[in-house]
Structure formats: C-alpha cells, structure tokens
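User: Hello! I would like to learn how to read the features of a protein model. Could you take me through this one?

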Amino acid sequence: AVLPFADMSEAGDQAWFAEGIAEELLHALAGVEELQVMARTSSFAFKDTDKTIAEIADILKVQAVLEGSVRRSQNRVRITAQLVDADTGYHIWSGSYQRQLKDIFELQDELARSLVQALRIQLGVGAAGVLVAEQTRNLEAYNAFIRGRTLMNWGNPENIDQSISHFENAVAADPNYALAWGFLGWARSSVFFWQPTSKLASDPAIAAYERALELKPIQSEALAAKAWMTELLHWDWETANQLYLQAMTSGENTTAMFAYALYYLPVIDQLPEAIRLARFVEQRDPLHPAYKNIVAWFLLISGDAEAAITKFRESLELNPQHFFALGGLIDAYNMVGNFQAARAVLQELPDYWSQEPRFRLRSAFTN
C-alpha cells in the first residue's frame, strides 16, 4: 500500500502535489508484474489518520507500506520515503531525493526503481525498467492533471465537473499530454450517468479520447471511454468488447475493469462474470464506496436482496451520501418488504437528493 505523502512545504499548500507524487509511485509499482498494489482510494483513505502502519496493513491485507513526504520550494522538490515491513515495523528501504521540478518524472522513476530493487531482495519481486514514463515537460499541465485526477469521482456530478475543468486546463497548457486527454475523455463520458446521451454532450468526450489515442494508441482511460461511448451511441457490442479488453491490458486498469463490469457484461447477459470482476475490483480497492456499490447492485439484480443490503450499507459507511448506494438500499428494502426501513432512508436523504426525480419516484413505492 502507498499512503498519501505528507506535505512538508513551508506554506502547507502542496498537499495535492504530495498526493500526486504518491499516486504516480503507486501506478508505477502496480506496473510490476509480481507486485500487487492496493488501489488509490483505499490507500489514501488513511490520510491524516492516527492508525499505525500495522493497523493499516491489517485492514488492507498488505505486507508492506510505503509512506513519505514532499517538500516543494520554488522550482525544487525534495521527496523522502520509506518502505515499512508491516509485521516487524522495520524499514525495508528508505531514500531521499532532491531535484529541479522539471526533472520530476526522472525523480519519480529513480525512486520507484530503488523501491523495486529493495523489493527484489525482501519480497522476491523481479527487476523492472523504466517505471514512470515522462508525461509532460509542462509543470502547469502536470499540476492541473494531478488535481483533476484527485477529484475524479463518477458518482458525484460536482466532482466530475471540477475534474473536467482541471483536465481541460492540463491539455490547454500542453496539447500533447496524452494521459490528460485520456482522463478528460473518461471524465466527459462519465457525465452520462447524470444526463441523457446527446450529440452535443458526446462530441467533446469523443474528441478528447480520440486525441489521447492519436498521441498514445494504448491508453487505458481513453480506450474505456471509447468502449462506453461505442455502446451508448452505436450499440456495437463486439467493438466495445475489444476496446474494453485492450483497456484492461494497458496501464493501471482498475478503471477499465470497473467499466467493463458495470457497463458491458450485464448488457450481454453475463451477470455472474460481472459479479466476479466487480468483486475482484473491490478486492483491489476495498475502501472505494463505488466498487462496493456496484457489487451490491449486482447482488440485488441477481435476487439476493439481503446480501445487497449488507453491501450497500458498507458502501454508505464509506460515503454516507453516495447517490447510487442510497437508491439501491431503498430498492433492496422494498424487495424484502421492509417498507419502514425504506422510508427511513428516504427521510434521512440530504436536501439536495430529496427532490431528485429518481428518489421521488422511489418514495411512491414505499407508501
């Protein structure tokens, strides 16, 4: 597990940058075949926690934990990190690096390779080449991108809008920033959870992911977005399937697996496989409320309402205002005939959800 790095800058205003550094290392280490790395949401759930390394490792079921700090001052950055054995509490490895900000990707790659070298000895992990590929030489673009990636949350329309704005700033600063274009395409395609599909809305999503694939033909988020839009706009299941499979074999692919399980497999009547893949994604990121929510929905669709209720409540423990988990919990209670519990959930809805049409419709079934 890679914990969010602490911001040690004098002004204390670089937390987002420190988290971005940690996330880049997380993605780099996840690319090492023999190494299983906990996904971002679960690892970063322990930001500002008072839990010990041993407690965190026990919750996440990991063998080692990487923690560190970032100190950014004008055009220089210093990164200090240590890899801790969860059982003994001893350091497996530690290092400190300082560079000009323009060399940030070289710094991250050097740090990641040092980690893998230590893991080769302690955990039996194989050698690795370049782990952190240079994304952009434009720091303004990089800063905007990591802000957008931190905010990206398909289950919250406000967060989607904010992340889109940051990704747009990133590609404006560097029009050749393939990863930022890919995330922009994914974010723009995610809005269709909240609004009808239309040419006016879909054209910007298509433009973004096509630009990403023009710059980098195998880019996971762009491929996942293209697959999703291929389903929505053309109902071309065979092409969508090929795109999803490509997306799942390129880069950090939790997003692509999630999209494949949610968007594609149920549509082609492969619910058991969708449940299996959704549970695998949940295992990779066990503290992500959206992944628990999707498992719960699949359980509900398959007829196991009691198990769905348990899983919806797990999702809501992580995010008490999760739109889809709240709606699913109401539906599950209705399915088992517990209308009193369904009404209780409706009565406790946040004000901004209480008038949402999908919840108002549900209220009719509980009375």
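Analyst: Let us start with terms: helices (H or I, at least four residues) and strands (E, at least two) are DSSP runs, numbered from the N terminus, and two strands pair if DSSP finds at least two bridges between them. This is a predicted model, where local features need pLDDT of at least 70 and side-chain atom pairs count only at pLDDT 80 or more, while totals for chains, interfaces and linings use all residues. Residues are numbered from 1 along each chain as its sequence is written, and side-chain values use heavy atoms, leaving out hydrogens and water.

User: In which order do the strands of the open sheet lie?

Analyst: The order is E1-E2-E3-E4, four strands with mixed pairing. Strand E1 (6–7) and E4 are the edge strands; each has a single partner strand, so one side of each lacks a neighbour in the sheet. E1 pairs with strand E2 (residues 64–73) in the parallel sense, over two bridges, and aspartate 7 is found opposite valine 70 in E2.

User: In what sense do E3 and E4 pair?

Analyst: Strand E3 (residues 76–85) and strand E4 (residues 91–100) are antiparallel, with nine bridges. Within this pairing, glutamine 82 has serine 94 in E4 as its bridge partner. The two strands make a hairpin with five residues between them, and in the turn glycine 89 has a positive phi of about 85°.

User: How do I read the packing of H11 and H13?

Analyst: Axes are lines fitted to C-alpha atoms, for helices over the stretch in contact, and angles run from 0 to 180 degrees between N-to-C directions. H11 and H13 pack at about 20°, their axes 11 Å apart. They are therefore roughly parallel to each other (angles under 35 degrees count as such).

User: Which helices supply the lining of the second largest cavity?

Analyst: On a 1 Å grid over the protein atoms alone, a cavity is a set of points where a 1.4 Å probe fits but cannot get out; lining residues have an atom within 4 Å of a point. Helix H11 (254–264), helix H12 (271–284) and helix H13 (289–301) each give at least two residues to this lining. The cavity holds about 30 Å³ of space, and its lining consists of Phe258, Ala261, Ala278, Val281, Tyr291 and Ile294.

Methods
1 Å grid on protein atoms, 1.4 Å probe; cavity = no way out; pocket = protein on both sides within 12 Å on 5 of 7 lines; lining within 4 Å. Points joined across faces, edges and corners; volume = space filled by probe spheres on them. Parallel < 35°, antiparallel > 145°, perpendicular 65-115°, else oblique.
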